Amino acid sequence: MYQEKVKAIQNEAKESFLKAQSVKELYEFKVKYMGKSGLLSQLMKEMGDLPKEQKPLMGKWLNEAKTVLEALYSEQETILKTKELGSKLVSERLDLTLPGVFAFSGSAHPIKTLMDNIIEILERLGFSVRLGPMIESDRNNFEALNIPADHPARDMQDTFYIDNKYVLRTHTSPVQIRTMETEKPPIKIVAPGAVFRCDSDQTHLPNFHQIEGLLIDRKVSMADLKGTIAYFFREIFGSKTKIRLRPSFFPFTEPSAEFDCSCTKCGGNGCSLCKGTGWMEMGGCGLVHPEVFRQCGIKYPEWQGFAFGFGIERMAMIKYGIDDIRLFNENDLRFLRQF
Amino acid sequence: MKFSLKWINEYVDIKEYLLEPQKLAKILTNTGLEVEEIDNAKEKFNKVVVGQVMERGAHPNADRLTLCQVSIGSGVVQQIVCGAKNHQVGNKVVVALPGAILPGNFEIKISKIRGIESLGMLCSEKELGFSQEGEGIVILDKEAPIGKSYAEYKGLDDIFFEIKVTPNRSDVNSHFGLAREIACLTGKEYGFPIKSFEEIGESTKNKIKLEVKDAKRCPRYTGRYIKNVKIGPSPDWLKARLESLGLNSINNVVDITNFVMLELGQPLHAFDADQIAGQKITVDSSKPNEVFISFDKSEIKLTGEELMIRDGERPVALAGVVGGLNTGVSEKTKNIFLESAYFVAAAVRKTSRKFGIETDSGYRFSRGVDPESVLLAQNRATEMIASLAGGEILGDIYDIYPERLEKKEVQVAIDFVAQQLAIEINPEKFIETIKKIGCKVSVQSDGMYRVKPPGYRHDLELEIDFVEEYARLLGFEHIPEKLPATQHSPTPHNNSYTNENSVHNMVQSQGYQQAINFAFVKAGFQKTILGDVRKLRDLGLPMSDEPVALKNPLNEDVNVMRTSLVPSLIKNLDFNYRHDVAEGRLYEIGFVFDGKEGSYGQESRLSFVAWGSHKGLWSAKEVPVVFEVKSVIESLLLGLRSKSWSWQNLESAKVPDFLHPGQSASLFYEGKTIGVVGTLHPKIREEMKLRCDVAVGEINLEKLMQGQPKIPKFSKLPKFAAVDRDLAFVMPIKLTVGEVTNEIRKVGGSLIKDIEVFDVFEGGDVPEGHKSVAFRYKVQDPETTLSDEVLLSLQKKVIDSISQKFSITVR
């Protein structure tokens, strides 16, 4: 009789398990039939009333039923879980054509980007950054650079004056002076920064940026200068870039030269960008003038040096294809966001 | 300077280059005289001739056009339709014939204008490319020869070079000088043909007494008396030559002095000898407070320093710069005293700079003329005056030149030149090259030379100058390229460059775009925006009451140095907003300036402007934009590993004038206030018609960067789990979240790690005048797992202490 009872519960449970629609329902059935106070457990309790010899038999029936049901339960549970996961995944479908959760990232001004780019290239050659103030003494901006008062070379730069002895630096060269006076040679520096000229038109801003390199060592030649400039331009404009030096005049260098690089657009064949010449004027350079060494208290010709410098705006216009210099100062976000 | 190749060809044969001027330009550019522009006027005015209007009638089909019959020489008369009205029968005009190509690539063709055939065009100044505008056609002199090529008539049958003559090369500030340079570069012969003239028996010295009192500033002075000159217009060729080179024709004598200046580089001055008081000329310093009136009638108050030419009574010329009105050559002049002198460059330059007088004469003297050409120029002008103005030339001229100016010999070692250029040098070639430029070379010892430069080369003074000279003439392309082999050990970058770069990176990563503005601004705008600067000073942003001003600003929009970056950023905001950028985040790192005469300082600032929200984004949560500025600063502080910082709401009275008095906070950092953030004052927003939320901030970057970069210090990873606890308080609106947060931190001690605010709201069941603020704090003990008792007692301690201190309740 007990055996039938066990069987009946087992069958009923089996039916229920197969009928269950969800893991939750299945579990409820499990509790109902196999739980602590489930039907099988109740039957187990009734076992106490049985004669001693029937007890082992009864235990066996119950255990068999439990084993069968456990197996069925776990089988059903797997089926239901898979089914539930399937429908859950369907219901969780997202429209990933919605825009991303954007962490807006800003960027550097193109002048800064290019300046860092340039510094990084020169850094590989061992140049390191030095800075100086924008309001400079006449002495550091002119006198020490072999541009005495009443020298016609002063006409080469339209200077903003603060008072009789101070100017807005017209070039980054005063940083050379400051460095030569405070550090011992050998010296290998690059001086980036804002400079000022009393001049404003289609191609000039009164406040623009320059970068300047200076090397002081035992023997320094024009070939070292040429090689450094050539390396630099190949890195900045590509390995096919050529450079040329043309004699020029700067009071603080001798020999002085202007340097051109082959046109980035036509590669030197001549086009509208380079006005048919194949070359683009980039900056000025030369060997450090003995008078500059004397002013800074460095022995010449025991120590020799070269210096070169150029404007960043012009180079940025060429590198990025910018056609209006005023864009650098307007800080129009539509412009800035392109870099 | 503008050069005529036709003229140069008179001293050196450059015919081959007249066909290919680019070739000559290349030679000059490659040796340091940059040819900036080639103007081939000859080609430009091909088929443009002088014509005469013979008939002027109305166009049958157009009221506004005239129908002209124009004689173009050799008896040819052409019918031309003209749109101008200023021409009359008999006028000499400029005719562009069919086939002419005028500036702007404008080709003239035979055409029918309103049904009438027109065989050319009568030209205006604009059409000839001389000016940007021009109504009416050019009417020429009555004497203009019909049929003559217009270019030839105007001296434009020529090729012009515009050359950037560097200040060191004063020797090529003249046509003869450039001819000499070209001869040297091309290995040609050059020469200056001196024409003779006859002197009459009289002596210059009997007419004028000359004394040079300041021989230091005037080492050489020559003077000649020429009598009975006939002042009048210059002949066409002279007029044309001066005009084609940009000088105005004045009268024959003045034109001759200008001609000789362009020819030899030596400025000359002609005095009306009858106006020289006391028949006496003195070269001396001016007298203090004396007034000199220059020929263009400007009054100049002298200081006693300037080198002057004086007569018996008064100053008659500012030596080398400009002549006086009182003794200038006019139509009435009969006798002249012609000056050709050498004034010291620095003296002339000082005077011309002091009074801001820029003349062709001053330009040349201040760069240095050739003392040896002074007399040559004197004689050249004399000869021309005699032939063109019919003067009688007096002899026994003055040439006061007490001490001959000679160039110093320079010792040049060929090894040094070779080392500096990194090339091998053949000694013979070296000597030959240096001699070619007019130097005298003697051998001192093997490989060591003594070189004496010519008097006109003021730029050859040192051994290194000959390195340049040799390189220039050799061609820089012969110098090899190599990377320097150096003993130098690389050093770190300047600390502030490295530090600022990390700030740039951190700020950009928070969505801010870098701006770069001018270091100078408009004084009025800066003042209006900043208002009372004392408030900014109190916030750790030092600035003086008055900004550092420029003595010579470009214009009034950029006349003082910045004392804050905020005004520039507001300008940027305005610009962007006007250009439909409705939302933006900008920052700038830059210097502000301070100081007084003789001592100036600069300090770096980090400033922000943020406007508009990212609204429209489906994921965005809107908060006042000032919190974004605050958070970019906070993330920077975290990135810089700063420990102690806090924000303080500012009392209205202390809020800078450009910020909202109720929405502004200062940043307290490592013991001092170093900046401020806030919402832009609604007043400014309204004035600028900004219809969006705007916040700005400025931080004293110098102070923020003290002690940077900070090296990270590792702390052991916690072994025991942290527990989050939430607490909400109902508190008066006036009570700040900052105060409560600080108190929680204080009470919690080292067990409380992070405190966050995750909800703030008013209304609902919260009583009026109150807000509900929900805090979440993290509790963690590095040594042990937290028991429930510890957590509960901590929570109780926090609640009790907050409730008591602020008399508020837990929600």
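Chain A holds an open sheet of seven strands, in the order β1-β4-β5-β9-β8-β7-β6 and with mixed pairing, where strands are DSSP runs of E of at least two residues and helices are runs of H or I of at least four residues, both numbered from the N terminus, and where two strands pair if DSSP finds at least two bridges between them. Because β1 (128-129) and β6 (243-250) of chain A each have a single partner strand, they stand at the edges, and one side of each is left without a neighbour in the sheet. Within this sheet, strand β5 (residues 207-217) of chain A runs antiparallel to strand β9 (residues 304-311) of chain A, to which eight bridges join it; Glu212(A), for instance, has Gly309(A) in β9(A) as its bridge partner.

The model is predicted, so local features need pLDDT of at least 70 and side-chain atom pairs count only at pLDDT 80 or more, while totals for chains, interfaces and linings use all residues. Residues are numbered from 1 along each chain as its sequence is written, and chains are lettered from A and ligands numbered from 1 in the order in which they are written.

Turning to the interface, 71 residues of chain A are in contact with 77 residues of chain B, contact meaning that the C-beta atoms, placed from the backbone, lie within 7 Å. Helix α8 (residues 222-237) of chain A supplies the largest share of the side of chain A that touches chain B, namely eight residues.

As for confidence, the model scores ipTM 0.85 and pTM 0.85. Chain B has a mean pLDDT (the predictor's confidence in each residue, from 0 to 100) of 92, and 99% of its residues reach 70 or more.

Conventions. Contact = placed C-beta atoms within 7 Å.
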